[in-house]
Amino acid sequence: MPADAVTIELIRNALISVTGEMRTKIMRSAFSPIIYESLDFSVAFFNERVETLAQADGLPYFLCDLPNAVRAVIEDVGGVEHMRAGDVFLVNDPYRCSQHPQDVSIVKPAYYRGELFGFTAVRVHLIDLGGKAGFASTDATEIFQEGLVIPTVHLHSEGRLNEEIVRLMAANSRMSRSTMLGDLQAQVGACIVGEERLVEVIDRYGYELYRECCDALLVQGEAYARAKVREIPDGRYLAELFLDDDGVNRDEPVRIKVSLVVDDSDMVVDLTGSSGPCAGPYNMNPNYTNAICRIAFKSLTSPHEPSNEGHFRPVRAHVPDESVFNALRPSPVFWGFKTAGTLVDCIRRAATQAVVGQPVAGNYGWSCGAHVFGEHPADGSFFAMVDEAGGGWGARPGADGEDAMVMGGIRNNPVEVSERKFPVRVEAYELRAGSGGAGAFRGGLGVRRATRLLADVRLVANFERSQCLPWGLHGGQPGQGSFIDIHHPDNRGERVQKCTNHALPAGSRVVYFTGGGGGYGDPRERAIERVMDDLRRGHITPAEAESDYAVCVDQDTGQVDVPKTRSLRAGQGRSDDSGETAADGAIETRQPHSREKREG
Amino acid sequence: MSRSLAVDIGGTFTDLVLFDHETRELRVAKSSSSPDALAEGVLACLASAGVELAGVEFFVHGTTVGLNAILEGKGVPTGLVTTRGFRDVYAIGRMDKPDMYSYIYEKPRPLAPRDLVFEVDERMDAFGQVLAPLDAAEVEAIAAALKERGVRSVAVCTLHAYANPAHELEIKRILERLLDGVSVSLSHEVSGEWREYERTSTVVMNAYLQPLITAYLEDLERQLAGRGYHRSLYVMQCNGGIMDAALAKSRSIQTLLSGPAGGAIGASQVARRLGDANMISLDMGGTSCDVSLAIDGEVGLTTDSEINRLPVLVPMLQVNAIGAGGGSLARVEIDGSLRVGPQSAGARPGPACYGRGGREPTVTDANLVLGRIGADTFAPLGLEVQPELAADAVTRGVACPLGMNVEQAAEGIVRLVTNHMANAVREITIGRGLSPKDFSLLAFGGAGPMHAVGIAREIGVSRVVVQPAPGTFSAWGMLFADFRQDLVRTVVLAVEPGSLGEIESLFAELEAGGRTLLMRQDVLEDSHEFVRQLDLRYRGQEHTLTLPAPPELGPSAVKESFDEAHRRVYGYDLAEPIEIVNLRLAARGATDRPELKPIDAVEPGSQPVPYRRTPVYFDGAFCDTPHFDRADLRAGHALDGPAIVTEASSTTVIPPRARLTVDAFGFLIVDTDGGGHAG
């Protein structure tokens, strides 16, 4: 049977089905909520040349970075000839293949009748692997404060678990040994099941045909992506966005500058002009940077296609030597995924000028972490309540931004589960009124969550876009920024955006506010019924209806005051249609502007 | 007991099955559904089938009233009362954005808008201790506000109500006192599980449907009474059991998925009858294919399901629905790859061969090109099809771009749609640690029996079953359903000698609740059956596995059975202690099931006579293939593929190397590797 279109498709479906099964396996058997609830993992399968053949949904941040882990393993063991069936490798080197040491990759070479035909790999975020603070620190200045780095080791040697590795890792972690082992076993289990299923697929189609089809899938993927890039006019598209700061130098924004260079069917993401290496933990290694560019590229060209290496061949990143995108040992890296999120936004924004992808205003910052950890008073065990909070997403033509949403598959902690597992009482969990940027289409709303602490804990927080607000587009206003208010038992109050190991005694109240999304279009053009809906639902106040949307409400009847509204709306011209955020000028002066333009 | 009747309203057709317990005669009928007047549609179906209600002693009904209302957003305006500070739990949801690469994602829309969500002062902790008492005056004010807004249905979900429902019950008492004719749904009654968003979503959905379902059932009961039916009307539920109409009026959410649940019950019935404990049921129609399981003769349920992307925390039939049907479109992508589905030509324009303007080839067109179905297959549906349009579409859409001939292209399309369905079966079996090889496959729906053997071969299933009248199978299955109510209680307890007493007394409480529900429906006590299950996990783990509770609830027995199940599903076990998260109880009551009648047996030595022979394309070549009318087949007949068996609403394809036998009751049993003669 030759590699005809039908067989190629059958193989594609089989590979997707295998990675889907690996995904189910790990989700259902992992111990840590960050894996099964937050889906902070990814799963993929590679051919012997380490080209991705299929990958399963998890966290997009991770997906394209897994081949780097496989390459690191091959390099460290001195070539595939030093691998044996039944070997399982573990690696977390954050300068080659992870965003931070907690991202532990498990790689298993896969054999068919003794011949290496590829690799199955799973990466998860282990909740703790040492470092100066539980979960992570926002002010680390070198990797040694961030966790244990493990160059390639054998987690299994020819099928036998290497207990020494688990002991070593557990000894360097605040996690219990059983949780650590449970998470690692879940990863290994997924890799094994992946290999078994692939062998079944090869058995069915025969090795030669299977390989031919896999190669054909890569050719198809590349053809698909190149066809999409050819639709983009050649040119150089620029955009610039900023992170609030790097956690150490708190007054200095981190600049992310993207030049998207499109030449026929190739795209280069040139990062020249971005900030240099950060003192704080916001650096990304170049492999990871490249992976993030691939993710942004995919969201532009083929968001709904199952993907393989071919889909990414047309894009590459250009990373200058002295760059936040070229982390070198021992620079700190933990929060590189924040940089990554803004990089995706920036690429997306540049591409929007090339009429690729729908314009979407700024979001609240992809995720805002407010993580609490300490000893559980019930039994003295270490607990970590990881909370990657959602917020408002940007508006777009024709639609308001979504309220309270987080990136990827991450989910929030149910109040009922949190109160049972952790020494906390949640006092409120609600949408944050008024937080969405005004616009013809309004930015989504952030959330407010108030939690009373029932034990002494420490807080690690990373709230982004507190200074550099979620931007509006085409006359839309920016969304409100994110912050945390802490009410101490002695009635002292403080407001933080980033903190590490912040000791809070029992009785403290932590209230976080996540940002809203940016608005799209002139708020005075927002349909009056939409403004009234927002008013009725308590998302805005009557004063905001008037000041932001030029809609007057009769205080007695609660109805629109039509004549006043008409004159208000008629009296004021459109504020700005330059494509820039209308309120840029109103933002604090240290706030850098987000910008975009096209050259060439 | 003389006659049992099942009427199942589906999206397109209303199906009827009537069984006479004395003569053991079975009668089936089909009529078009009338979405705007469903109760009238039921009566119209009865009338067109010439069924008199006199003598009918048992009437079970499946309806899409609820599902349609959710899909079309046409439920009643619904209010929600919740704990102060948590007004937006329902709007916030779980915050995830499952579409991982897409920059744009729209969350599911809540069924209760924020302006109808009210907060009240009260609070329980996770163990059910009262932290703040209920403010009754506030509830009274809410009642006034609800009245002013004209709200007819209210959902109540307070934090930790699963652990202590006192406040929810009190809220209901106050609302019912002050609001006449308003229905109140309580979260702990609809689901006793933790996780406030999911429970809120469940109770709101129930409230959203309650007045509609109530009005519909009352209307139907009235009309049936007008035709002389004065007994209870029973309603098919998503858990594969039935309940009476009175109970359905307070458990509206359980009326969802009644059609697929009827099919699954039918499949478990067939499984038991054939001595196959495990059965995959595959219902393939025009646009989609539903796969579900019967394991050890029981319908496979899940407590982790969604309806229209909104979570539902009640045990529901586990059904894997994929976009694969006769109308699935085939196309060649810009990268030269061949794709089939999930887009469908639907009823309009329909497959190219319908001649209604469809230009792209569909699975049905491909089957027509291959000769597996003939133009006359469509006659009972009142359709005149044009095979040359099918060939044109396959040629232009697939064969030319890929450099194949039209038959190769058509066979490719069929192989791919078969493959999609095989993968859907793999997901629901292998993904749960089950091997498809331990199952038989029961195919129904218009397109199921056409592809069943191909699917079975892909997943290693050796036996395919097609029952008589596969087009009305869901209604048939409903005749075999028992009474069933599921009760659950979240506990989070270690399995140790000290906690056994508490577990036992909680189970006793659940049983008392279950008994009350059965008694309310006049289910005789000697037919009650209570089945206990435990949701278990290793301490520290989150996800649970549901296992039968051992008769002797000892820590070691529980641990051993859990370790064994964990190994089977996930490939490893741990030395960790285990804990119970939920106690589950199924309260069941038996019904009088039909006893099937054997069909006429074959006379010794006789062979069935094909009504025609045509070339049919299999594995790259045309083979001369006999076509049989199913009505001509007798018990004991056996024949080798290739062969085609046709009946009113379905076609069964028996490819080369498969062998068909007809069993005593007229079931087609296909051995997928029957050693027949290859064409």
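## A sheet in chain A

Strand β18 (residues 483-487) and strand β21 (residues 509-513) of chain A run antiparallel and are joined by five bridges. Within that pairing, A:H487 sits opposite A:R509 of β21(A). A word on terms: helices (H or I, at least four residues) and strands (E, at least two) are DSSP runs numbered from the N terminus, and two strands pair if DSSP finds at least two bridges between them.

Both strands belong to an open sheet of five, ordered β15-β16-β21-β18-β19 (chain A), with antiparallel pairing. At the edges stand β15 and β19 (493-496) of chain A, each with a single partner strand, so one side of each has no neighbour in the sheet. On average, neighbouring strands here are turned by 15° against each other, direction ignored; the axes are lines fitted to C-alpha atoms (for helices over the stretch in contact), with angles from 0 to 180 degrees between N-to-C directions.

## What you are looking at

This is a predicted model: local features need pLDDT of at least 70 and side-chain atom pairs count only at pLDDT 80 or more, while totals for chains, interfaces and linings use all residues. Residues are numbered from 1 along each chain as its sequence is written, and chains are lettered from A and ligands numbered from 1 in the order in which they are written.

## Chain A as a whole

Chain A holds 13 helices and 22 strands. Its radius of gyration (taken over C-alpha atoms) is 25 Å, close to the 25 Å that the globule rule gives for 600 residues, so chain A is as compact as a globular protein of that length. That rule is 2.2 Å times the number of residues to the power 0.38. Along the principal axes, the C-alpha atoms of chain A fill a box of roughly 80 × 60 × 45 Å.

Of the 600 residues in chain A, 62% count as buried. Buried means that 20 or more other C-beta atoms lie within 10 Å of a residue's own, exposed means 12 or fewer, and partly exposed is in between, with C-beta atoms placed from the backbone.

## Where the chains meet

Here 66 residues of chain A are in contact with 58 residues of chain B; contact means that the C-beta atoms, placed from the backbone, lie within 7 Å. On chain A's side, α1(A) gives the most, with 13 residues. That side of chain A divides into 27 nonpolar, 20 polar and 19 charged residues. In this count Ala, Val, Leu, Ile, Met, Phe, Trp, Tyr, Cys and Pro are nonpolar, Asp, Glu, Lys and Arg are charged, and the others, Gly among them, are polar.

## Strands in chain B

Over in chain B, eleven of the twelve residues of strand β28 (residues 578-589) are buried, so β28(B) is largely enclosed by the rest of the structure. Strand β25 (residues 483-494) of chain B pairs with β28(B) in the antiparallel sense over ten bridges, and B:F483 stands opposite B:G589. Strand β26 (residues 528-538) of chain B also runs antiparallel to β28(B), joined by eleven bridges, with B:V531 opposite B:A586.

Elsewhere in chain B, four strands form an open sheet with mixed pairing, in the order β29-β30-β32-β33. Its edge strands are β29 (612-618) and β33 (650-654) of chain B, each pairing on one side only. Inside this sheet, strand β30 (residues 621-629) and strand β32 (residues 643-647) of chain B run parallel, joined by three bridges.

How values were computed:
Contact = placed C-beta atoms within 7 Å.
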